[in-house]
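Work through the exercises below with the structure open. Try each task before reading its solution.

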Amino acid sequence: MKLHLIVGNSGVDIYNIKKINIFYFLFLSLCFHNFYRVSFVYVLLPIICYFLIFYYTSWKELRVPNKNILFILYLFILFISLYILFISFISVGPKYTAVGIARYFYVLPITLAVYTIINSEEKIQKLLQLFIFCIAVGALTLPLQLFTGPISWFSDSSMRAGLIRYSSLFGNVSSMGIVGGIGLISALLMNYEKRRNKIFMIVSILVGMGMSLQRAGIANIILCLIVYGIYVNIRLSKKILYTSLALSFILLIGYGLLQIEATQIYMSFFLTSIGVD
């Protein structure tokens with residue numbers, strides 16, 4: 001379905017935008033939601049995208065078979081969310097609950113948008129690539145702050161093991177270690193036309209997860225490598241070979257970083273996190 005914007009009575013088609021492109025823009029705006037700290041006007045971008053998508057979506061497209069398991073799960077999650085909302089309202093009061101409501105239901109409608117728009121393997125691949133790109137960009141905001149210092153409109157930084165824990169474009173100091181795990185396994189299993197693009201995404205996310213100074217980040221890196229080793233479509237002998245090479249490479253990089261004064265504290269923290277003195 002294409003969207004048309006007609007001006008006056010001339011009948012001239014000024015914009016001819018596919019709904020899928022509006023959806024991708026919506027997805028980008030939600031991934032980079034932290035820009036609302038720069039200007040609250042940013043909050044309107046996803047709302048406008050939602051309006052355009054659903055305005056040009058017919059009821060027939062939204063109709064879901066009652067036996068569709070994904071739709072049933074969606075209703076279940078919605079029910080649980082409303083229950084948690086009710087408990088929160090009683091426990092912490094309307095002031096703090098209102099913020100949670102706004103954030104949660106700001107994102108929730110995207111599920112229906114996905115259902116009506118993402119209906120082919122090609123669109124899924126493009127959406128995943130866009131998702132990985134967003135995480136890679138957000139990850140690079142961590143090493144950037146080594147040179148620029150903490151970015152003023154990001155969430156507050158904190159200290160751990162004598163080092164500054166910078167927040168990222170995704171939110172607080174702990175967000176990168178979590179969201180990076182999802183992006184890393186997606187990047188590892190995704191097929192790219194150009195191999196260098198895949199390597200860039202993986203390295204960027206790894207750097208961001210490492211600099212998050214979060215134990216969950218380290219755990220997620222290990223889990224991603226295990227999952228990748230299980231699902232990658234190569235012979236067992238090659239899996240063993242590649243695993244050995246990867247471990248050797250990690251050990252060499254770690255040893256090299258321990259020889260550099262600027263990175264010794266980072267490496268010391270990671271070693272301590274996994275139980276190595």
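Predicted model: local features only at pLDDT ≥ 70, side-chain atom pairs only at ≥ 80, totals over all residues.

**Exercise 1.** Compare the span of H4 with the expected one.

*Solution.* Helices are DSSP runs (H or I, at least four residues), numbered from the N terminus. H4 covers residues 69-92, which is 24 residues. The expected span is 1.5 Å times one less than the number of residues. For H4 that gives 34 Å, and its first and last C-alpha atoms are 34 Å apart.

**Exercise 2.** Follow H7 to its end and find where it bends.

*Solution.* H7 (residues 121-148) has 28 residues and should span 40 Å; its end C-alpha atoms are 41 Å apart, which agrees. A kink of about 30 degrees lies at leucine 142, shortly before proline 143. The bend is the angle between axes fitted to the seven residues ending at a residue and the seven starting there. Just after H7, glycine 149 has a positive phi of about 80 degrees.

**Exercise 3.** How are H1 and H2 oriented to each other?

*Solution.* Take the angle first. H1 (residues 19-31) and H2 (residues 44-55) pack at about 155 degrees, with axes 9 Å apart. Axes are lines fitted to C-alpha atoms, for helices over the stretch in contact; angles run from 0 to 180 degrees between N-to-C directions. Under 35 degrees counts as roughly parallel, over 145 as roughly antiparallel, 65 to 115 as roughly perpendicular, the rest as oblique. H1 and H2 are therefore roughly antiparallel. Next, the contact (heavy atoms within 4.5 Å). Among its residues are Phe23 and Leu26 of H1 and Tyr50 and Ile53 of H2.

**Exercise 4.** Classify the H7–H8 and H8–H10 pairs by angle.

*Solution.* Start with H7 and H8 (residues 175-189). Their axes come within 9 Å and cross at roughly 135 degrees. H7 and H8 are therefore oblique. Leu142 of H7, where the kink lies, is one of the contact residues. Now turn to H10 (residues 215-231). H8 and H10 pack at about 20 degrees, with axes 9 Å apart. That makes H8 roughly parallel to H10. In this contact, residues including Gly177 and Gly181 of H8 meet residues including Gly217 and Asn220 of H10.

Terms used:
Residues numbered from 1 in each chain as written. Heavy atoms only, no water. Helix = DSSP H or I, 4+ residues; strand = E, 2+ residues; numbered from the N terminus.
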